[in-house]
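Welcome! Take a moment to look over the protein shown here, and then read on for a short tour.

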Amino acid sequence: MPSHLQAAYDARLAQGEIRPDAAQAAALAALVRLEGDLARAEPSGFASFFKKPESQKGVYLIGPVGRGKSMLMDLFFAHAPVEKKRRIHFHVFMGEIHRLIDAWRKGDPAARKARFGQHKGDDPIPPVADVVAGQARLLCFDEFQVTDIADAMILGRLFEALFARGVTLVATSNRLPDQLYKDGINRQLFLPFIKLLKSKVEVVSVAGPHDYRLDRLRAAGTWFSPNDPDNARSFEALWKDMLGGEEEVGETLEVLGRKVHLPHAQGGMVRATFASLCSVALGPNDYIAIAERFHTLFLEDVPRLTPNRREEARRFVILIDALYEAHAKLIVLAQAEPTTLYPQGDGAFEFERTASRLQEMRSADWLAEDAG
């Protein structure tokens, strides 16, 4: 049968929206294979009421940012021959899972029955898996990574239950399965999940030499100043372009028991104002968490700094240090260039190191580096 996914990809090539890419071609072949497997396995007609859905061999796209993994998965998702399917960022999905587990554990029989359609038992994994599998036979995860011990400890049993219920997985990641939760606490308890994952997905490298995201950053620049309408429009346009049509979903990070809400986030990118990050009581651990979670920060409305904004300037310095150490990308809409952002007064001398880092972070060499 003809592949709708292949036809859609070829149409983009013909229209010049994308260029031929050998690494993408290998990933496309795996996704076309899965498209066919899902079509053949999809129950139809009267038989659909009795045939138990079967999990298919999924696809795990691994590679640096900017190589087209998300674009390929988006095309696949749009044309996947499955009625019930979800494309969701992995961290958002795990947040949903923890809320479902919490609802099962705290719910009385009536509340459980209303939420899950069942109420017996102490183990939350089977009813949670029933809910997830009832919503989607195909799960497409962007930015698959495991850094949280709470996630790590439930993933094995959760996905064993999901695969048993016929769920198929497609994911993008910048880490091989064997590198997930690397150096994590009690990682030996996580190893069975890695073994299960490798048995259920085809791992395909999308690591071509061309970084398409970098093209956009180089063309547009990463420091927009002064903060006038023209530069604000350019900053906004670059954010929209980097989103690539995706919706902002937001994210909440938990840092030392506190929650840091970032409403403008998608995948590995986040957008925030200077005031929301530097005029509130955030500290080094918060900034490190942001830098570790996101590979790109769009920071807007950075003012010219003066001694009477010393505390905000101090937080800004700590934020930049965290981003610098994580090799993150930084796009800024500011009132002034880095070297004149803190022109004089108490604190200006200490800010020179930060200005130097800001200059380095807008260089071609910095942009060409892969975030850790």
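This is a predicted model: local features need pLDDT of at least 70, side-chain atom pairs count only at pLDDT 80 or more; totals for chains, interfaces and linings use all residues.

Residues are numbered from 1 along each chain as its sequence is written, and side-chain values use heavy atoms, leaving out hydrogens and water.

**The whole protein**

- The protein has 15 helices and 12 strands (DSSP runs, H or I of at least four residues for helices and E of at least two for strands, numbered from the N terminus).
- Along the principal axes, its C-alpha atoms fill a box of roughly 75 × 55 × 35 Å.
- Of the 372 residues, 50% are buried (under 20% relative accessible area, with a 1.4 Å probe and protein chains only).
- Among contacts (heavy atoms within 4.5 Å) with a separation of 6 or more, 77% are between residues 24 or more positions apart.

**Helices α1 and α2**

- Helix α1 covers residues 4–14 and helix α2 covers residues 22–41; they pack at an angle of about 150 degrees, with axes 9 Å apart (axes are lines fitted to C-alpha atoms over the stretch in contact, and angles run from 0 to 180 degrees between N-to-C directions).
- The two helices are therefore roughly antiparallel to each other (an angle over 145 degrees).
- On the α1 side, the contact is made by His-4, Leu-5, Gln-6 and Tyr-9, and on the α2 side by Gln-24, Leu-28, Leu-31, Val-32 and Glu-35.

Key: Angles under 35 degrees count as roughly parallel, over 145 as roughly antiparallel, 65 to 115 as roughly perpendicular and the rest as oblique.
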